[in-house]
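Work through the exercises below with the sequence and the 3D view at hand. Each task is followed by a solution in steps.

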Amino acid sequence: MPLPLYVLALAVFAMGTSEFMLAGLLPDISLDLGVTVGTAGSLTSAYAIGMIVGAPLAAAAARDRPRRPALLGFLLAFAAAHAVGAVSTSFALLFLTRVVAALANAGFLAVALTTAAALVPPGRKGRALAVLLSGTTLATIAGVPGGAVLGAEAGWRATFWAVTALCLPAAAGILMGIPAGQGAHGATGKPALRTELAQLTRPRLILVTLLGALVNAGTFGGLTFLAPVVTDTAGLGELWVSVALMLFGAGSFVGVTAAGRLSDRNPGRVVAVAGPLLLVGWPALAVLAHEPAVLLPLVFAQGALSFALGSTLIARVLHEAAGAPTMAGSYATAALNVGAAVGPVAAGATLGTGAGFSGPLYAAGLFVATALLIALPFLHVVTGARREAARL
């Protein structure tokens, strides 16, 4: 894989750390800025909404610019938002910085996805996507736990400064490693914005985007409420929450790496294997969570299966959106973050039911079941088959 892909992955690592780090910082932020924990939690919602809205808007704004300055601009805006957030004494200002950071993150990821696809031959898009998304999975393994430790020792502002610092070597790498030109779709060769937006009406693209969002909703619905499963259902100490999250992150890294090698050649095999196993895994985790010896290996397995299936579907979004070379990354980004926003809300609604802390795990399974039921009649689309008789 080209070296610039790993530079992009470093930036995605910094952004992934920022996206997930607030879970361990909210109590300190609420105390420092004089707001309730619930109010501080709105910072997470602001980020998710900013990602969903920002992906297409930022990609559209950057489509007439060469990729290198677009990537660099989004990354520096992201870093600046964290620097301002680190010195903020106002919750309103901190909230605004999270929205700006999310918009920059969404724009960067949208351009980075199309850049990654352009850096490799068409038959290696899946592997390129796996390298890029490994930044997010590594953030869950090292960045988020590291940020929690740093926040506990030096305060939440230190974690914001650390994210800012991570952006600097990534910015230098983009300057040195990303080609300066527009790339394969130059200023005179790319389709009009209206033509690219019209791709969103294609049934094949709608289908794989929906499937990617559903699977990601299950992933984040289960992951968001994993902590009470570990401490209450399994009866383990608080330290084991970090262990479980790291296991999920390690599994996600394994899953996205393995799927990246298969999704280009045989995406149908990934869907056929990972889909049913993921579907069985979520309710199995709910039923067996009281046994720590079973819980922890299942958490690892669900991380691997979730990201193997999810990254394969997102790769299919990029393939099906080939007619929108400057906007395809924003469609994939939106699919990821719609799932990340909807999943936790739906899963959280189950906490008041008789299922208790197991409710979000059953909800995650329901999202996956819905995705597989929708996909079943259209496997030729999910697997990339191009037979005329199988066209939608």
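**Exercise 1.** How many residues has helix α4, and what distance does it reach from its first C-alpha to its last?

Solution. The model is predicted: local features need pLDDT of at least 70, side-chain atom pairs count only at pLDDT 80 or more, and totals for chains, interfaces and linings use all residues. Residues are numbered from 1 along each chain as its sequence is written, and side-chain values use heavy atoms, with hydrogens and water left out.

- Step 1. Helices are DSSP runs (H or I, at least four residues), numbered from the N terminus. Helix α4 covers residues 67-87 and has 21 residues.
- Step 2. The expected span of a helix is 1.5 Å times one less than its number of residues. For α4 this expectation is 30 Å, and the helix reaches 31 Å, which is close.
- Step 3. Buried means under 20% relative accessible area, exposed over 50%, and partly exposed in between (1.4 Å probe, protein chains only). The buried residues of α4 include L71, L72, F74, L75 and F78.

**Exercise 2.** Which residues have the most contacts inside the largest nonpolar core?

Solution. 

- Step 1. A nonpolar core is a set of buried Ala, Val, Leu, Ile, Met, Phe, Trp, Tyr and Cys residues joined through side-chain atoms within 4.5 Å. The largest one here has 111 residues.
- Step 2. L75, F108 and I174 have the most contacts inside this core.
- Step 3. A contact means heavy atoms within 4.5 Å. Not counting residues up to four places away in sequence, L75 touches A11, M15, F108, C167, A170, A171 and I174.

**Exercise 3.** How many aromatic pairs does the structure hold?

Solution. 

- Step 1. Rings of Phe, Tyr and Trp (its six-membered ring) pair if their centres lie within 6.5 Å; planes under 30 degrees apart count as stacked, over 60 as edge-to-face and the rest as tilted. The structure holds three such pairs.
- Step 2. One of them is F91 with F95, a tilted pair at 6.4 Å centre to centre and 50° between the planes. F91 and F95 are four residues apart in α5, and so about one helical turn separates them. F91 is buried at 15%, whereas F95 is partly exposed at 31%.
- Step 3. Another is F248 with F307: the centres are 6.5 Å apart and the planes at 75°, so this pair is edge-to-face. The pair links distant parts of the chain, with F248 in helix α11 (residues 239-262) and F307 in helix α13 (residues 292-320), 59 residues apart.

**Exercise 4.** In which helix is confidence lowest, and in which is it highest?

Solution. 

- Step 1. pLDDT is the predictor's confidence in each residue, from 0 to 100. The protein averages 82, and 90% of the residues score at least 70.
- Step 2. Confidence is lowest in helix α16 (residues 379-382), at a mean of 72, and highest in helix α15 (residues 359-375), at 93.
- Step 3. Over residues 182-188 the pLDDT stays under 50. Where pLDDT is low, the predicted coordinates should not be read in detail.

How values were computed. Helix = DSSP H or I, 4+ residues; strand = E, 2+ residues; numbered from the N terminus.
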